[in-house]
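Ready for a few exercises on how chains and helices meet? Have a look at the sequence and structure below, then try each task before you read its solution.

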4 protein chains.
Amino acid sequence: MQLFHEVRARTVTICAPLNKEDFIPQPAEFVSPVKWHLAHTTWFFEDFILKPFMPGYKVFDPAFSFLFNSYYQGIGERLSRASRGFITRPGVDEVFAYRNYVDMAVDSLITAGDVTEEVMNLIQIGCNHEQQHQELLLTDLKYTLSLNPLRPVYDPVLDLTAQHNAQEGYLHLSEGVFEIGFQGDGFCFDNELGRHKVYVQESKISKALVTNKEYLEFIQDGGYKRFDLWLDEGWAWVNEHSVTEPLYWGCKEEAWSQFTLAGMKSLDPDAILSHISFYEASAFAEWSGKRLLREDEWEVASAELDWGSRWEWTNSAYLPYPGFKTAPGALGEYNGKFMVNQMVLRGSSSATAHGHSRNTYRNFFHPHLQWQFAGIRLAL
Amino acid sequence: MQLFHEVRARTVTICAPLNKEDFIPQPAEFVSPVKWHLAHTTWFFEDFILKPFMPGYKVFDPAFSFLFNSYYQGIGERLSRASRGFITRPGVDEVFAYRNYVDMAVDSLITAGDVTEEVMNLIQIGCNHEQQHQELLLTDLKYTLSLNPLRPVYDPVLDLTAQHNAQEGYLHLSEGVFEIGFQGDGFCFDNELGRHKVYVQESKISKALVTNKEYLEFIQDGGYKRFDLWLDEGWAWVNEHSVTEPLYWGCKEEAWSQFTLAGMKSLDPDAILSHISFYEASAFAEWSGKRLLREDEWEVASAELDWGSRWEWTNSAYLPYPGFKTAPGALGEYNGKFMVNQMVLRGSSSATAHGHSRNTYRNFFHPHLQWQFAGIRLAL
Amino acid sequence: MQLFHEVRARTVTICAPLNKEDFIPQPAEFVSPVKWHLAHTTWFFEDFILKPFMPGYKVFDPAFSFLFNSYYQGIGERLSRASRGFITRPGVDEVFAYRNYVDMAVDSLITAGDVTEEVMNLIQIGCNHEQQHQELLLTDLKYTLSLNPLRPVYDPVLDLTAQHNAQEGYLHLSEGVFEIGFQGDGFCFDNELGRHKVYVQESKISKALVTNKEYLEFIQDGGYKRFDLWLDEGWAWVNEHSVTEPLYWGCKEEAWSQFTLAGMKSLDPDAILSHISFYEASAFAEWSGKRLLREDEWEVASAELDWGSRWEWTNSAYLPYPGFKTAPGALGEYNGKFMVNQMVLRGSSSATAHGHSRNTYRNFFHPHLQWQFAGIRLAL
Amino acid sequence: MQLFHEVRARTVTICAPLNKEDFIPQPAEFVSPVKWHLAHTTWFFEDFILKPFMPGYKVFDPAFSFLFNSYYQGIGERLSRASRGFITRPGVDEVFAYRNYVDMAVDSLITAGDVTEEVMNLIQIGCNHEQQHQELLLTDLKYTLSLNPLRPVYDPVLDLTAQHNAQEGYLHLSEGVFEIGFQGDGFCFDNELGRHKVYVQESKISKALVTNKEYLEFIQDGGYKRFDLWLDEGWAWVNEHSVTEPLYWGCKEEAWSQFTLAGMKSLDPDAILSHISFYEASAFAEWSGKRLLREDEWEVASAELDWGSRWEWTNSAYLPYPGFKTAPGALGEYNGKFMVNQMVLRGSSSATAHGHSRNTYRNFFHPHLQWQFAGIRLAL
């Protein structure tokens, strides 16, 4: 199964430039150690596929199920999320051995030939799950390295924030009834299912995303000091954390620079803005006299938009589609449990695995988080 | 203006059974002291109406604007929300004198005869604002008294949780395009405006609200111990605060009782459930195999529903309607700033002022809060 | 018994200028509401004297024992310390009725004539306990009123920080073996008992306490910005709370003023410094090239010192004297339980009841607390 | 200089059984990563000796001074203490290269032959400083490994908690004037200096330390549930953290075991107790009807005591000796800044470097900390 091999290999490739020490820390609760990502994505295949479906499969190490489970409470006890950075053993080498062991087992399960469609679906879920963790691995790694006063370089040619807009102007969307939600034969997550009709209002949607230069104007116009632009909780967030710019940005003697996976870079004014929270996206929209999109209008308009370099914050809360059903068992914990207090992002980012996203994809994060490659698209 | 006199008088009536000491404490940040409610609702009339529109108006006390402003940052500095319970002076008598002073001034402004429509609108907003605070005053007071181990009685005949359902069975809603949002001549808040089309799916909506007996079954079935029923953040809330029942409930030797404004009462199994958070509403719905309503379907169905005894949690996040515009100036801070991380409640409660609500009314609270007279309506 | 009548009357006198509202708030955990002080000191007489020793005594209200116990865990459950400000009932009038009821009972117990020495001792403890609470009542009240932006006046003639030094120069203390600890017939607390020998080193002790002017020099010399002057935990405290001056001080356009019980006053440079924490006392001593006294040398020197206007921070931790024994039962919880993490203060203050202190008296507070009338005496 | 070579080599030996991953985490603010200990002790030699005293010395890496300074604020900015576990680069290999580089430089400085006494003293301080960090390295490492549910083994033969008492009975100490504090030619820390007279009371001091068996009796007698045995802050600590036994102990089906550096071991009842906080030591003493020693009587009695397997909690707060002077400059920050809110421990432990301690040595920790090899000696 080609997807399986590609995905598993890409995770290893992402880790290639790292030292063993880089695999360990967890500098914030929303971040996971690199080692944990490696092991957790492997555990997924072992626990959901090999254990139940491979006759005679011998578990690599029974303790790993406890160590590398994430939120699947249905599976059993798990390590508290905040303690992931304190687990030094098994070491990195052992985790790679675990990956190889599981890879070979999945491989022989597939090549044995009589894999059911259920198992093939689970493998596909496992691959898409790992692709999500690849993106998290890159964003978590960037966050961890950024805390090091030496500002280390992960890969001198991998910046991921350098993209420019390919389009300009506005797309006109007429009002009416449209259908949203996934349809077709390919893979999708459960939160995209239940294709249904929505009534979308008329609007004009910007074809370009907000650039660094435009955001700098907001900053220079006192954007972070004007309470009237912010949601009440956004204003509290700005003040409690003394936020004055996007994550990773800094200004010295009027010259702006930003930390990237390729090290410190001077800020490209024409590049597309990244690493802003929903609160910042909302305040910027208010300042510009425009607004963020709703996720349904984004999906309806998406065919004519150039998307894929930044996850785009929408002004839609992450909620179930009509008729949403959680899958039975532990896999049902995948998405539904998080449908409160988070905002939807649409599209995908420069850190997303090729082919992973689609125009019905619903990503979601808490409104204060900045560490994703997230940007802003505006509408009128 | 009859509404003005009625509203101002009702606030005083609500306070009649209280001792002076009861006006002071603020036992949680989401609660305000009774005295503060009295003064803040008065400040609203003074600051938004008398100061700008009454020629020669002499401010009662310039310091009050600082003390009794709430979140209107546009008006100037304000006392931090958490400090409201430490302000013993001005005393209760002085705050009532402030009320009388402002009431007479508004009265003479109205009777002077040449009040513009703008001012009349502001007075109407002020009255509706005060009605909202009347409900908060009752819910805050209940919360404060409940912390007293003596469980004091506010009013022996005012329970507010004793209502029973008047209807049973299900209402069938056919799918299609509907319009929601306020229309007409009467008063509404800015968050109800922008009547617009929505596409609502087919559904069956319960005519009755969940009762105490039904919720007890959920408890006795281990509802608070089954993580699979809860949103992830709901489960964290349950565990962090050791929640095992609705607010104000208690169980001794298998007999359930609850604290009410009329003191401790044994739990009426047939009364409509109250004082549950959105997290509890969501878990109960999951347990029952049903779901909460969305706010648009609630509004579409409302004409055929018996509502008004409990605010009803919906599964809709509090977000702006298409075309939502904040009013310019400080009044614009009224609603728009809170459109993140809160869930919508529809209807009204036994503590709501008569005539205050309507079927387009959008109330909203954070999902963990239990202290409102909120209940559950389910749909299939 | 004259002491009993005097002490009980003085507490009432202290409360005379207050409004009912002033009796309620608890703005910090180290502060107690005025009403609580009134009731707790009364509860002490009821629980330790009337209940066990007055035949046929009828408790005023059984719930009060739960509400107004402080830390005496041996007596039974108690209200959590942080919740004292939320208890509006019993009201102030009822608490005064409680005081009168208990006063009359104690009075008739005494006048009945056959009171044992044990009971007389307990009454004496109760009176001294109440004198301690009189001082706390004043310091707590000052703290509460200071948080009110209106800066209310408690009593226009009661400043309590206006005293000047009566002596100057240094007292020379020769080294040798001395005895410290209480001896004699009068009353003392258990922590003063166990008179014992200590070896005190030679020293020169300032006869005057540090003045506001001297402390201003420390501020103007950057005292709050020089980490080298501070204990490590003191430096953390300064930075976490942005401390830049003693409690209640403020500076506007280079003019210093301070909040007092008589309202805002301009700072008298020659008055004795007050309202500094141990951390500040320690940093000031370091800055001045001198040091704080140890409690044993203070006691040895005290006969020749003019003390009594400020509690004086020593550099001695609050620890048991050799042979210290806690009294059996709940009264044994009075002092011994607090013998860790607190520093000793010697002397007494302008807020101390006349005749309450003596040169063996050991007061103690946590090193970060500023709200007592505490000052600095230096030695070489 | 033999001491230098021995000390530097021992640190490397301690790290020999570790994986690279073990060098990284900081699971609590009172713990430092192994890598940080390695680098910080090296930085001490570079910053205090090589930079100022070795002509032409070229700093290994200028960034290290920022990364590996601890609390010496006089030296310049430093990484916040809580962030030490997030610094993955420089890696472990580079830190060992740093050690080698500095070792060779110090070596050539010494062998060059004309080293002043001042420099020799500084090297001696550096060696003693590193010995302190060797002990911390072992205690920190034990703490980190204990959080791993796999309970990994550091060294199968290194338990460090297995010692038994060699003496029994009581030592009788007569009252009188004694001298305490360091005297002689060898090395000592500044907090031991200022030999001075003290008056010590008569006492009987146990020759044996408390054993596991004795402490189990305390547990089984409800020691952790009886508030009357505890200091008030100790009782709060027990309840807030649900403490029910010494750190690293566990009980399954009535069999007690403990985590050690050699892995999980069943509890030896006759071994000397370890890993208790001062609060636990104090409660145990209260329960046993005895008391902890004061540091002066410990020092006076020490010649006749068998000590060295556990640091012994005393009931003395860590305070300056009469005449204590901090050294000028950054080295003066070594001890004096910590003289508040900590309790003194005397002796040394099974994790202390051979020859590091002496009977005038004053160790100190906050009263709630359990992770040191600390035990209990009682007196009457």
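This is a predicted model: local features need pLDDT of at least 70, side-chain atom pairs count only at pLDDT 80 or more; totals for chains, interfaces and linings use all residues.

**Exercise 1.** Work out how much area is buried between chain D and chain C, and how many residues take part.

*Solution.* 
- Next comes the area. The size of an interface is often given as the accessible area lost when the parts come together.
- For chain D and chain C that comes to about 3,000 Å², with carbon and sulfur atoms giving 55% of it.
- Now look for links across the interface. The rule finds zero salt bridges between chain D and chain C, but it does find 14 residue pairs in polar contact, counting pairs with both residues at pLDDT 80 or more.

**Exercise 2.** Find which elements of chain D give two or more residues to the side that touches chain C.

*Solution.* 
- To finish, sort the residues on chain D's side by class: you get 18 nonpolar, 10 polar and eight charged.

**Exercise 3.** Decide how two helix pairs are arranged: H6 with H8 in chain B, and H2 with H5 in chain C.

*Solution.* 
- Take chain B to begin with. Helix H6 (residues 212-220) and helix H8 (residues 278-288) pack at about 80 degrees, and their axes are 11 Å apart.
- Angles from 65 to 115 degrees count as roughly perpendicular, so H6(B) is roughly perpendicular to H8(B).
- Who meets whom? From H6(B) come B:Glu214, B:Tyr215, B:Glu217 and B:Phe218, and they meet B:Glu280, B:Ala283, B:Phe284 and B:Trp287 of H8(B).
- By class, this contact has five nonpolar, no polar and three charged residues.
- On to chain C, where helix H2 (residues 34-53) and helix H5 (residues 117-146) pack at about 170 degrees, with axes 9 Å apart.
- An angle over 145 degrees counts as roughly antiparallel, so H2(C) and H5(C) run roughly antiparallel to each other.
- The contact of H2(C) with H5(C) splits into 15 nonpolar, six polar and three charged residues.

Notes. Residues are numbered from 1 along each chain as its sequence is written. Chains are lettered from A and ligands numbered from 1 in the order in which they are written. Side-chain values use heavy atoms; hydrogens and water are left out. Contact means heavy atoms within 4.5 Å. Buried area is the accessible area (1.4 Å probe) that two parts lose on being put together, summed over both. A salt bridge is a side-chain nitrogen of Lys or Arg within 4 Å of a carboxyl oxygen of Asp or Glu. A polar contact is a pair of N or O atoms within 3.5 Å; within protein, one must be able to donate a hydrogen and the other to accept it, and residues adjacent in sequence count only if both atoms are side-chain atoms. Helices (H or I, at least four residues) and strands (E, at least two) are DSSP runs, numbered from the N terminus. Ala, Val, Leu, Ile, Met, Phe, Trp, Tyr, Cys and Pro count as nonpolar, Asp, Glu, Lys and Arg as charged, and the others, Gly among them, as polar. Axes are lines fitted to C-alpha atoms, for helices over the stretch in contact, and angles run from 0 to 180 degrees between N-to-C directions. Angles under 35 degrees count as roughly parallel, over 145 as roughly antiparallel, 65 to 115 as roughly perpendicular and the rest as oblique.
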